[in-house]
Amino acid sequence: MFCYIGGSESEGHFSLINEACSMFAHTNPLHMDVFQTIAQCEAEVVAMTAALLGRKNKSSGGEICGNMTSGGTESILLAVKSSRDYMKAKKGIKRPEMIIPESAHSAYDKAAQYFNIKLRRVAVNKNFQADVKAIRQQINKNTVLIVGSAPGFPHGIIDPIEELGELAYSYGICFHVDLCLGGFVLPFARKLGYPIPPFDFSVKGVTSISADVHKYGLAPKGTSVVLYRNHDIRKHQFVAVTEWSGGLYVSPTIAGSRPGGLIAGAWAALMALGLEGYLENTKAIMEVSKRVQKGIKEIPELFIIGRPDMTIVAFGSNDLDIFEVNDIMSSKGWHLNALQRPNSIHICITLQHAPVVEDFLRDLKESVQTVKENPGPINGGLAPIYGAAGKIPDRGMVQELLVNYMDSTC
């Protein structure tokens with residue numbers, strides 16, 4: 001389930017952000033001279049996000065800056081593009097490469113294709129974290145960027161950000177931290193006393209961060225923030241055109257026109273919840289996460305992948321087909337993500353799960369028992385597809401299948 005806001009869609013927080021969006025639905029921050037209020041809202045969302053992610057720490061350098069984007073993918077795309085161009089200006093790198101752990105978001109693959117960057121993918125370590133030693137071995141004269149996640153989407157585990165930061169700093173290369181999931185949880189979890197390792201601009205070597213406001217920030221879908229350690233890096237994000245007959249043009253993000261209503265909704269979410277609201281929400285979802293982990297451990301046929309740091313819990317099985325379990329759970333109304341390497345599924349815990357966590361664990365236990373007693377795919381289930389895809393050695397064939405599927409559905 002990826003609805004992060006709790007409660008009914010017709011009241012409470014939903015109603016608040018919907019009203020803010022509708023009030024500014026006609027605005028476009030591309031024309032900041034006309035829509036000054038929305039430009040101010042964006043600046044304040046960026047400033048509040050930066051304050052959460054290390055801006056107040058002396059080691060940040062005091063120049064943290066950024067922009068709002070349409071989501072985590074655009075934030076990552078912009079960070080990669082900016083890093084590539086910054087390193088070209090700084091070191092003259094013309095054949096750029098970046099190194100990512102295999103747990104890093106697929107947005108980096110998209111960035112590599114869009115921006116003609118060679119992608120080096122490195123296996124994670126036994127704890128399902130980025131392997132710092134393996135990443136170090138892949139660094140060469142063309143490396144412009146390494147990445148880490150806090151936490152990673154597949155297993156909800158925080159990469160060793162401090163070690164990666166030291167590595168990037170020692171080689172004079174860029175280091176992006178994907179905080180799209182953790183940006184509006186980890187700062188508050190730390191305040192609540194959870195043992196959260198360093199993850200933000202307080203870490204030496206971190207040059208950029210992405211954080212989604214539309215996830216645990218509880219803003220409307222289509223709102224994220226990309227941050228940079230300083231303006232020298234961010235300037236490479238912008239596109240300025242001087243020779244267009246339509247006049248002088250400059251744009252900060254991939255989109256030209258942008259929906260000001262979403263920016264207003266994000267601003268309203270942050271202002272309405274405030275520190276106390278986010279602390280309360282984080283306390284609730286972290287407690288649900290611990291309950292889910294405890295419940296899964298009590299099902300002998302299942303095991304948890306690594307040690308989840310936050311609110312994503314991935315689990316697999318050595319005794320039965322976990323994708324068949326997922327199909328049974330889907331038939332009961334639960335929407336979980338299917339993962340690979342290893343075959344597993346995960347739940348992304350939100351406020352929606354707080355009142356139904358015991359129902360989830362009961363249904364999971366029953367689904368495991370059903371598959372154990374009656375193994376084999378169910379009609380309309382996806383288990384055969386996921387199972388077969390994982391066993392096909394020709395990954396190009398799998399890629400072609402995905403493209404054809406997308407082409408036939410949109």
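A nonpolar core is a set of buried Ala, Val, Leu, Ile, Met, Phe, Trp, Tyr and Cys residues joined through side-chain atoms within 4.5 Å. Keep that in mind for the second figure; what follows is a tour of a predicted model.

Figure 1. Buried residues account for 51% of the 410. Take the contacts between residues at least 6 apart in sequence: 71% of them link residues at least 24 apart.

**Figure 2. Inside the largest nonpolar core.** This core has 113 residues, and among those with the most contacts inside it are Val80, Ile146, Leu179 and Tyr216. Helix 9 (residues 260-297) gives the core its largest share, 13 residues. In soluble globular proteins, nonpolar side chains tend to be buried together. Phe360 is another of the residues with the most contacts in the core. Leaving aside residues up to four places away in sequence, Phe360 touches Val292, Met329, Trp334, Leu336 and Ile347.

**Figure 3. Gly265, a buried glycine.** Gly265 sits in helix 9. Is it buried or exposed? Its relative accessibility is 0%, so it counts as buried. Not counting residues up to four places away in sequence, Gly265 touches Ile17, Ala20, Cys21 and Pro220. Thr223 is 42 residues from Gly265 in sequence, yet their C-alpha atoms are 8.9 Å apart.

Figure 4. Most residues other than glycine have a negative phi, and most peptide bonds are trans. Pro151 is in the loop between strand 4 (143-149) and helix 6 (161-171). Look for Pro342 in the loop between strand 12 (337-339) and strand 13 (344-348).

**Figure 5. Phe128 and Leu218, with positive phi values.** Phe128 has phi near 65° and lies in the loop between strand 3 (118-122) and helix 5 (132-138). With a relative accessible area of 21%, Phe128 is partly exposed. Leu218 has phi of about 60°, and its loop runs between strand 6 (208-212) and strand 7 (224-228). Leu218 is buried, at 5% relative accessible area.

Methods:
Residues numbered from 1 in each chain as written. Predicted model: local features only at pLDDT ≥ 70, side-chain atom pairs only at ≥ 80, totals over all residues. Heavy atoms only, no water. Buried < 20%, exposed > 50% of the residue type's maximum accessible area, 1.4 Å probe, protein only. Contact = heavy atoms within 4.5 Å. Helix = DSSP H or I, 4+ residues; strand = E, 2+ residues; numbered from the N terminus.
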